[in-house]
Amino acid sequence: ALFKKIAFVSHAYFQQTDFSTEASFSETTFGGKTKFQFAVFEGEAAISYATFEGNAYFQHVRFRNYAEFFECTFENIADFRCAEFQDVGRFMDAEFAVEAYFGRSEFLGVCDFRDAAFHQTANFREVVLHHSPMFHRARIEVVHFVDVQTDGDELTIDFQASVLRQGRIEQSTDIKTYYNLRETTLGDIDIAIETEERLFQHLHVSKTTFDGFDFSRYHYALSPEWVLHTFDGEMDLDYETEASRFQLGEREDTEELCETGDDADESGGEGDGSCSRIAEIRDTLLESLDPRKRYNAATRLVEDAPL
């Protein structure tokens, strides 16, 4: 099915359609509501560079092959609840102007949202992820990552170099979830993780910018040691980093995530020792303060540390 460079001036309804071979909607403009509920894409779904001017409904769609929404623009609601991506689900450089819903959707292959922009809410409540998702350099105004599901015992959510303005990260199940926040800008995010470990052992904090993050909510998790840079999650993530079927070339994030001296220090390898020096400076200063002042001092040390 080839609908490349087509303009639908009104509504486009493809509910329960079975696309038995490759389907291309690349560079297509959908002027009204777009409905694909319960459709099945047996071959590749190439929907890159498309513009959805009305609400886009993809609930319960089955993508049985490679599905690409590269550089798509969703000007209204994008609803992918309960969709199933059996191969790669790629939303690189996609732009979501209003709410985007991926609740209870399932990504059996790579889940790729690198450089995506969510101008309002990005809802991933109870999303099922079989591999660590990529949100490198994504910009999310309101993030809702609640009770992520996976087929293993643990999962790392990769937010490296992204911007998370506000929202909630919550995990109340037995699945151990970890979050790569290296070079991330973290705003007013409420984090609630049920764990026997310390809360901040689930967060990889390195060169992270805290812009509106309320450390006072986590006094219980930081005291009495005031340790922030301890991370127990998996950082040696194996990604399929092919940018696009459009041969866009290599991206910056094809390099190893753990190649700096900071990470080497934590793993016992050779590094520049900066994490150890920061810890020594922190401990010396905190010992000289009375307990009421230690919290603010620890926060400043983390933010000002030359990582």
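How many bridges join β23 to strand β25 (residues 163-171)? Seven bridges join these two strands, which run parallel. The structure is a predicted model, in which local features need pLDDT of at least 70, side-chain atom pairs count only at pLDDT 80 or more, and totals for chains, interfaces and linings use all residues. Residues are numbered from 1 along each chain as its sequence is written, and side-chain values use heavy atoms, with hydrogens and water left out.

The protein contains four helices and 29 strands; helices (H or I, at least four residues) and strands (E, at least two) are DSSP runs, numbered from the N terminus. Of its 307 residues, 51% count as buried. Buried here means under 20% relative accessible area, exposed means over 50%, and partly exposed lies in between (1.4 Å probe, protein chains only). The protein exposes about 14,000 Å², of which carbon and sulfur atoms supply 43%; accessible areas come from the Shrake-Rupley method with a 1.4 Å probe, and for residues only the protein chains shown count as cover. Among contacts with a separation of 6 or more, 32% are accounted for by residues 24 or more positions apart, a contact being heavy atoms within 4.5 Å.

The pairing of strands was examined next. Two strands pair if DSSP finds at least two bridges between them. Strands of a sheet pair through backbone hydrogen bonds, either parallel or antiparallel. An open sheet of six strands has the order β3-β7-β11-β15-β19-β22, with parallel pairing. Its edge strands are β3 (18-19) and β22 (128-129), each of which pairs on one side only. Strand β19 (residues 106-107) pairs with β22 in the parallel sense over two bridges, and Glu106 stands opposite Val128 in β22.

A further set of pairings involves strand β21 (residues 117-123), which is mostly covered, with five of its seven residues buried. Strand β17 (residues 95-96) pairs with β21 in the parallel sense over two bridges, where Glu95 stands opposite Ala117. Strand β18 (residues 100-101) is likewise joined to β21 by two bridges, and the two run parallel; Ala100 stands opposite Ala122 in β21. Ala122 also stands opposite Val143 in β23, and five bridges join β21 to this strand (residues 139-146) in a parallel arrangement.

In β27, Ala192 is the bridge partner of Glu170.

Two loop residues have backbone angles of note. Asp93 has a phi near 60°, a positive value in a residue other than glycine. Asp93 lies in the loop between β16 (89-90) and β17 and counts as partly exposed because its relative accessibility is 24%. Ala161 also has a positive phi near 60° and is a residue other than glycine. Ala161 lies in the loop between β24 (154-158) and β25; its relative accessibility is 29%, so Ala161 counts as partly exposed.

Aromatic side chains were then considered. A pair of aromatic rings is described by the distance of the centres and the angle of the planes. Rings of Phe, Tyr and Trp (its six-membered ring) pair if their centres lie within 6.5 Å; planes under 30 degrees apart count as stacked, over 60 as edge-to-face and the rest as tilted. A search of the whole structure finds 56 aromatic pairs. One of them is formed by Phe107 and Phe113, which are edge-to-face at 6.3 Å centre to centre with 70° between the planes; both residues are buried. Phe135 and Phe159 form a tilted pair, because their ring centres are 5.4 Å apart and their planes lie at 45°. This pair links distant parts of the chain, with Phe135 in the loop between β22 and β23 and Phe159 in the loop between β24 and β25, 24 residues apart. Phe135 counts as buried at 0% relative accessibility, and Phe159 is also buried, with a relative accessible area of 0%.

Arg81 lies over the face of Tyr101, at 5.1 Å from the ring centre. A charge sits over a ring if NZ of Lys or CZ of Arg is within 6 Å of the ring centre and within 35 degrees of the ring normal.
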